[in-house]
Amino acid sequence: MAYANSFTLSYHARGLCPGEGELLRQVQARTGLARRVKEHGALDVSVEVKGENGSAHGTMAWSEAGATTEREVEGADCDEVVSALALMLALALDPDAATGPLPPPPAPTPAPTLPPPAMAPVPRVVKSEPAFHFGGGVTFGMTSGVAPELRPYLGLGLEVTRDHARLGLSGLVSKGTADTATGSADLSWWALRLAACPAQLASGGWFVEPCATFDAGKLSGSGYDTRNRRSASATWYGPGAQLRAGVVGFGVLAVTVEGGAVAPLARDRFYFAPDETAHQIPSLAGYVGAALGARL
């Protein structure tokens with residue numbers, strides 16, 4: 001059942017136009033009979049107001065007993081348009097509604113002035129977060145390039161981070177063997193790997209970061225089961241790329257998995273005379289690994 005002078009209201013405002021509270025205030029100021037309800041009103045009213053580029057536009061539509069009436073208003077600003085729409089709605093609800101100018105809305109009550117404190121407040125010390133964070137950990141995984149087959153590697157690393165950027169330095173070691181028809185060789189590899197990670201994608205404790213790397217180290221070989229056994233060394237150095245992902249727990253512990261590749265710039269060859277290749281540094285060496293570390 002719909003009560004006389006009752007209405008439902010759907011109000012939409014764009015730009016800097018007043019909200020529905022100002023429209024309702026002006027309607028109630030013009031007629032004391034207006035009664036807004038959630039449903040089953042005598043009038044179902046829809047209002048849309050928008051203001052832009054020094055002008056305003058408003059539309060109002062209401063349905064009554066199955067018939068729909070629509071009105072449009074243009075004005076210099078939203079306040080003018082909202083006032084016109086409020087007058088229309090008040091008259092639709094109550095033909096005897098006041099049509100004269102309305103008083104301005106009451107000014108907000110100023111906050112009471114508090115007396116000054118008897119004593120100046122004691123200053124508090126706010127601890128700021130350090131600009132840099134340091135950490136370290138142990139790394140292990142599998143790598144190519146050290147020997148003809150994949151070989152395990154082990155490493156220790158240090159890192160410094162600021163915001164979401166990280167700079168890490170790891171010392172890595174690995175060993176392998178190479179067998180040929182004329183002899184075998186023990187291969188030993190070490191390298192310092194510098195990783196620069198300029199950005200990090202993080203969500204909760206999880207993170208993913210791309211890194212640019214550079215290796216500097218040495219690959220050494222020592223022959224056995226052959227005549228005139230000898231040892232030789234080759235410089236290992238070159239740029240690379242790395243992708244790391246992990247999770248930080250308890251605020252300090254980090255478990256990370258990583259994968260990447262290095263492009264050695266020197267491709268020295270270890271061989272047995274007269275020309276039996278035991279191992280040659282490849283043009284691209286890949287690796288996958290995991291790390292357990294702590295961040296301070």
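Okay, let's start with a pairing: β7 and strand β8 (residues 165–180) run antiparallel, joined by 10 bridges. When I say strands or helices, I mean DSSP runs numbered from the N terminus, with helices being H or I of at least four residues and strands being E of at least two. And two strands pair if DSSP finds at least two bridges between them.

Before I go on, a word on the source: this is a predicted model, where local features need pLDDT of at least 70 and side-chain atom pairs count only at pLDDT 80 or more, while totals for chains, interfaces and linings use all residues. Residues are numbered from 1 along each chain as its sequence is written, and side-chain values use heavy atoms, with hydrogens and water left out.

Back to β7 and β8. Find Gly155 and you'll see Leu172 of β8 standing opposite. The hairpin has 2 residues between the strands, and Asp163 there takes a positive phi near 55°. On to β6. Strand β6 (residues 133–143) is antiparallel to strand β7 (residues 151–162), with 11 bridges joining them. Phe140 faces Leu154 of β7 in that pairing.

Now the charges. Side chains of opposite charge can pair when their charged atoms come close. I call it a salt bridge when a side-chain nitrogen of Lys or Arg is within 4 Å of a carboxyl oxygen of Asp or Glu. How many salt bridges does the structure hold? There are 9. Take Arg166 and Glu159: their closest N and O atoms are 3.2 Å apart. Both Arg166 and Glu159 are buried, where buried means under 20% relative accessible area, exposed means over 50%, and partly exposed is in between, using a 1.4 Å probe and protein chains only.

Next, Arg244 and Glu258 form a salt bridge at 3.9 Å, N to O. Arg244 sits in strand β12 (residues 231–249) and Glu258 in strand β13 (residues 253–262), so this pair ties together parts that are 14 residues apart in sequence. Arg244 and Glu258 are both buried too.

One more pair to look at is Asp215 with Arg193, whose closest N and O atoms are 2.8 Å apart. That one links distant parts of the chain, with Asp215 in strand β11 (residues 206–224) and Arg193 in strand β9 (residues 183–197), 22 residues apart. Asp215 is buried at a relative accessible area of 0%, and Arg193 is buried at 6%.

While we're around there, look at Thr226, in the loop between β11 and β12. Why does Thr226 count as partly exposed? Because its relative accessibility is 26%. Setting aside neighbours within four places in sequence, Thr226 is in contact (heavy atoms within 4.5 Å) with Thr182, Gly183 and Phe272.

Okay, over to the other sheet I wanted to show. This open sheet has 5 strands in the order β2-β1-β3-β4-β5, with mixed pairing. The edges are β2 (35–36) and β5 (67–75), each pairing on one side only. β4 and β5 are antiparallel, over 9 bridges, and Glu64 stands opposite Ala67 in β5. Helix α1 packs on the sheet and touches β1, β2 and β3, with its direction making about 140° with that of β1. For that angle, axes are lines fitted to C-alpha atoms, for helices over the stretch in contact, and angles run from 0 to 180 degrees between N-to-C directions.

What about the greasy side of things? In soluble globular proteins, nonpolar side chains tend to be buried together. By nonpolar core I mean a set of buried Ala, Val, Leu, Ile, Met, Phe, Trp, Tyr and Cys residues joined through side-chain atoms within 4.5 Å. The largest one has 25 residues, and those touching the most other members are Phe7, Leu9, Leu23, Val45, Val47, Val49 and Leu85. At least two residues each come from β1 (6–14), α1 (20–30), β3 (43–52), β4 (55–64) and α2 (78–93). α2 gives the largest share, 8 residues. A second, separate core has 19 residues, including Tyr153 and Phe272.

Last, the whole chain: 2 helices and 16 strands.
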